[in-house]
Amino acid sequence: MGRRRRLLVDAAAEAGAGALPKVIAALSRSLPAGPSPEIFRRAKFDRPEAAPALWQLLFRLLSPRSVGGASAPLGLEAQACLVKSALRSQGYPRQVLAQLPEDGSWGSRELLLALSWLLARGPVLERLLAQAHVQLGDEMPVCECEAVASTGPLAPHMDAEGPVDIRCVQWLMGRLWFRWRCLTASQQEQCALLSKIHLYTRGCHSDQRLGHLSVAETEMLRDPEGGRQLLRRLERENAGLEAALQWRRGELVFWRWMDTVLGACPPEAPAAAAQPAFLPRIPERGPGQGELVARELRALQEELCEATERRRAAWEARVGGQGRGPQWSSARQALQKAVDQELAALQWAWEQDRGPARPHGPHRLVRREDEAPGGQDLRAAEVIRVLRSQEARLEAALRQLQGQCRQELARLAGALPGLIWILPPGR
């Protein structure tokens with residue numbers, strides 16, 4: 001296995017000189033408004049004319065607003081500030097990037113290193129391809145992978161500092177309810193329109209498994225110019241997929257070339273190299289000091305265990321004679337009920353995890369009468385049943401939290417005899 005790997009690496013090194021321009025060209029076509037391969041070559045030698053194009057490329061990769069293209073274009077200095085802030089928040093380890101001028105006068109080699117760091121860190125190309133995907137069918141996102149909300153008791157707490165105006169909270173709750181109802185109404189209207197289109201175009205699709213047309217396909221029949229635009233979008237998506245596939249095939253050549261780019265960079269300052277950026281510095285200790293710290297930790301653990309046992313014995317002695325009254329019995333029953341709810345929620349989550357994989361991702365909406373779903377297909381009734389069960393659990397948790405809030409309000413009202421609490425009417 002090791003010999004075979006060495007042979008593959010040697011073969012890739014021999015073919016790297018000729019394949020490097022093609023690989024960089026494929027990477028440029030995969031990126032949004034990617035620069036030409038000549039920009040990459042000039043950036044290796046830190047040419048100043050390559051810096052503006054790389055600043056703009058990094059801004060497109062790191063700024064979520066640039067995906068839709070609806071926002072106003074920013075200047076080069078603003079783009080450079082956003083790129084520095086985004087890379088710093090993601091943990092970019094080199095301090096040289098923060099010292100680059102924001103006018104794009106120099107620093108193209110460091111920008112090339114930042115681009116390669118993004119490519120090696122996460123699935124950048126996969127995310128770009130998913131954003132540029134052209135939907136031909138009526139898709140609906142379905143995800144049941146989220147953690148189930150626990151129905152156990154939660155202690156009420158206040159995150160905000162200082163008094164909170166209840167009128168502002170009620171106003172925000174009203175806005176939230178209004179937005180939620182608008183969203184629900186729009187989704188119901190969209191589903192009704194989709195159902196009409198699927199019903200009216202039944203039997204028009206060439207694929208018998210689908211049986212009807214989607215909104216995009218119906219729009220192509222209604223407007224031929226829209227169909228030509230959709231065809232051009234599909235051609236651009238296919239070109240991006242082909243470029244990404246070519247990049248994946250020759251990716252090793254690019255990283256070998258990036259090793260030479262990193263080797264051409266001057267070493268960083270000793271202070272910056274001694275302490276990694278954005279990470280805490282851990283001082284070096286000898287073996288004797290490590291053993292001393294371990295002994296101190298073990299002694300501290302023994303002291304904590306002894307203190308815990310003493311406090312437990314004192315608590316049992318103090319509470320021992322109070323475990324027979326009706327108040328103590330009701331408290332124990334409430335605690336047992338809360339523990340049973342927690343165990344039931346954990347048991348249900350564990351059983352769901354043991355079963356088949358939960359549906360995740362977009363699914364195409366298809367109108368079927370009698371045909372049973374097969375493979376990865378899902379019936380809407382099954383999804384609705386799961387969503388209703390989750391809604392029931394969330395409503396139970398909400399009612400429990402509301403009860404805790406009422407108890408807290410009652411306690412506050414008892415602490416202030418001269419204050420009258422008027423609860424709002426129920427919905």
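1. The model is predicted: local features require pLDDT of at least 70 and side-chain atom pairs pLDDT 80 or more, while totals for chains, interfaces and linings use all residues. Residues are numbered from 1 along each chain as its sequence is written, and side-chain values use heavy atoms, with hydrogens and water left out.

2. S30 lies in helix 1, residues 2-30; helices are DSSP runs of H or I of at least four residues, numbered from the N terminus. S30 counts as buried because its relative accessibility is 11%, buried being under 20% relative accessible area with a 1.4 Å probe, protein chains only.

3. Leaving aside residues up to four places away in sequence, S30 touches L125, L128, G240, A243 and A244 (contact: heavy atoms within 4.5 Å). S30 and E237 are 207 residues apart in sequence, yet their C-alpha atoms are 9.8 Å apart.

4. E251 belongs to helix 10, residues 251-264, and is buried at 18% relative accessible area. The side chains of E251 and W255 are joined by a polar contact of 3.1 Å (a pair of N or O atoms within 3.5 Å; within protein, one able to donate a hydrogen and the other to accept it, and residues adjacent in sequence counting only if both atoms are side-chain atoms).

5. The largest nonpolar core has 43 residues, and W257 is among the members that touch the most others (a core is a set of buried Ala, Val, Leu, Ile, Met, Phe, Trp, Tyr and Cys residues joined through side-chain atoms within 4.5 Å). Elements giving two or more residues to this core include helix 1 and helix 10.

Definitions and conventions. Buried means under 20% relative accessible area, exposed over 50%, partly exposed in between (1.4 Å probe, protein chains only).
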